[in-house]
Amino acid sequence: MPAPFPPLSPVPPPDELLTARRRFFSGAPGAEQALALPIIRSWTRCAERGLPVGGRLKAEPLTQGELSVRRERYEALRRRCRPELEALHLSASAAGGIVILTDPAGLVLDTVGSADFADRAAQVALRPGVSWSEADSGTNAIGTALIERRGIEVRGAEHYAEPHGILTCAAAPIHDPFGELVGLLDLSGPSAVPHLHALALVELAVGQVEHRMFEGAFPGRDVVRFHADPSFLGTAREGVLVFEDHRLVAANRPGLALLGLGWDALGARRFSELFEGSLGRPGDARRARTPNGAVMLRLERQSPAPVRAAPAPVAAPAPAVAPAGPSFDAETEQALGRAIRLMNAGVPVLIQGETGSGKEVFARQIHARGPRAAGTFAAVNCAALPEGLIESELFGYEDGAFTGARRAGFKGLFREADGGMLFLDEIGDMPLGLQSRLLRVLQEREVTPLGGGKAVKVDFALVCASHRDLKMLVEHGSFRADLYFRIAQYTVTLPPLRSLADREALVERLWREMAGPGPDAPRLSPDCREVLARHTWPGNFRQLTGVLKVLLALAEPGETVGPEALPLDVRTTDLRGPAQPPAASTLPASQAADPAPGLSGDLGSVTRAAMDAALKECDGNISRAARRLGIHRSTLHRHLAARGH
C-alpha cells in the first residue's frame, strides 16, 4: 500500500525554473522570464541581504514561554480566525498539508492540519514560534505576502532557500478596517502534491475574517454595505464603508476596490464624494450611483456605546491630554484651553493655518475636551463639495426638494450637530449666497430645510477653519464682513510644521507611535531623522505622516530605515539648515493678527517650488500632484488659479 503522503524531499523543479535559478544566482540575464514578478522581486531582496541559498537560515524558534506571551498578545486574532482555520483544515488534510496563522511580522502562532506533514515540516522549522518573515527565511509565501501586501503562492523551487523546495505554500495577509496588517493565513503542503485553488481558498478565508471585523466594532457610526450585484449583499464580497460625521473612517478591501480607491481614502473622502444623494437613515436600501457605476446600497447604524454625562462647565479646562494626532506646542496648547472655555461661553472659534497643519485635529480636541463631547461632531469641508451639495449637507431637505432627493428627506448637519459641535472646514470657500443663509442660522438659531417645512431650533457650538486670509477675502468682497466678525470672535493660528523648534524629536515620536514597541519594530536611522526634520513640508503634518506611513509599509521587521528609503523630493532636501519660518509665525498662536497664508502668494517660494515640482513629476496631473503634496486637489486648483495657471 502506498504511503499516504509522498516523502518530504525536494522535488525536481521544471527545467525552466532550474534554468531561472541558475541564471539568477550566476548573475546572467533572463531569469525573470520564468518567474512571477513577486518572486523575482523577493529573490532580489534576499540576495541583497546576503541570505544563504543552500544552508539553514536564522529561523531560531521562540522559547515556549516567549511563544505563550506572543500568543496571548494576539489572542483576539486567534479567536477570530479559528473558524477559518478549521474550515481550511479540511482542504489541508485532504492534500496532506497544514494551515498556518501568523502575527503581522510573520511569526507562526498556530498550525492545524496533517500531523504527519506537520512533523516533517518541522524539519525546515515550519512550526509555531518560528519567524517566516522574508528577512529570516528568504522567499516564502508568508514573508513575501506580508511585504507585497497581497496573496502570494510560492511553489517548490520558487523558495529562495533550497531546503524549502519541499514546500508549496499559499498565503494572504489579513487587514483590519483601517488598512493595517494584523496577521496572515497560510496553506502549506508538500510540493509533490498538487494544491489546486489553494490561494483562492486562503483569500476567501481571509475575506471572511476581515468581513467579521466590522461586527459591532463601530458603535454610533454609519456603516454602508453595497455591491453592484444585490445578491452579494451580506457576504464577504460586499463593500463595507464606515462613516463618522459623513467622513470615511474605515473600509474593507472589496469596498475600496468597487470604488477604485486605496487606503489613503480613509479620512480624506466624504460620503457625498463617493455616492449620489445623502447618507440616509438606518435600514434604508436603495440604488445609488458611484463614479464606477450603479450599486445597491444599504445603511445601518451600529448601536452606540453608552454615552457619558456631559460635565458641568468649569472656570478652567481639565488637564490637557496628548492629542491623538500631531503634537501642539505649548503656546497652541494654551490657545486650546482658551478655545474650550470660550466655546463653553458660546463664543465661536476660528482656526487658521496652512493645509495639513492640524486644524481639524485642533477642532476635534475642542470637542473632545469640552462639555459637548457627548454630542455629535458634525464636519463638512466647504472646499470639497459643489455649492448645491454644501447647502443640502448643511440644511438638509424635505421629500421631493430636488431631483434625486431621498423619499424621506435628509436631516442636515445643522440638526445633526444639535447638542454638539459643527465644524466648517475651509469656510473661506463657501459661496457668498450660502454665507448669508449661514449668518441667518447663527443669528436666529433655527434652520429651515430645503424644499420648505417647519423651522427647527438648533443649539450647537461653532468652530470654523480656513487656510485662506479671511480678512483679505473680506476686503476683496468674496467673504461677508458681518459673517467674518460673527465667526472670528476668537482666532487661533496654528504654526506650520517648519516653524517648530525640535522637529527631529517630533519625527521620532510619530514614528514610534506608528511602528509600535518591541524588537521587531523598524527604526529610523539618525541620518533619516535629520533629513525628515530639515525638510520644509509644504503639506505639514499630513504630508509628514504620509511619508512615515510609506516608510513603515516598506520596512522589514527590526530594520533600520535610512535616508535612501525616502521619496526623492524629501531625500534631496536642503541639508544646509532648517528652513526659516516666516516672521508672522513667531507670534503667539492666540495673538497672531494675520492668519495662515492665502492665495496671494504668502506661502512663499518654497511652497510654489514644491507645487511646481510635484506637477512636473506627475506630468501635470493635478489630482496626483495634490496627493503627492498631501493636500486636497481643490486647494492646489485655487493656488494655481491665483497664479494665473
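The crossing of helices α1 and α2 is right-handed (the near helix is turned clockwise from the far one by less than a right angle). The structure is a predicted model, in which local features need pLDDT of at least 70 and side-chain atom pairs count only at pLDDT 80 or more, whereas totals for chains, interfaces and linings use all residues. Residues are numbered from 1 along each chain as its sequence is written, and side-chain values use heavy atoms, with hydrogens and water left out.

Helix α1 (residues 15-26) packs against helix α2 (residues 37-49) at an angle of about 35 degrees, and their axes are 11 Å apart. Axes are lines fitted to C-alpha atoms, for helices over the stretch in contact, and angles run from 0 to 180 degrees between N-to-C directions. Helices (H or I, at least four residues) and strands (E, at least two) are DSSP runs numbered from the N terminus. In the contact (heavy atoms within 4.5 Å), Ala20, Arg21 and Phe24 of α1 meet Ile40, Trp43, Thr44 and Ala47 of α2.

An open sheet is formed by 5 strands in the order β12-β13-β16-β11-β17, with parallel pairing (at least two DSSP bridges between two strands). The edges are taken by β12 (377-381) and β17 (491-493), each of which has a single partner strand, so one side of each is left without a neighbour in the sheet. Strands β11 (residues 349-352) and β16 (residues 461-466) pair in the parallel sense over 4 bridges. Glutamine 352 lies opposite serine 466 in β16.

Phenylalanine 226 and phenylalanine 275 are both buried (under 20% relative accessible area, 1.4 Å probe, protein chains only).

Key:
Buried means under 20% relative accessible area, exposed over 50%, partly exposed in between (1.4 Å probe, protein chains only).
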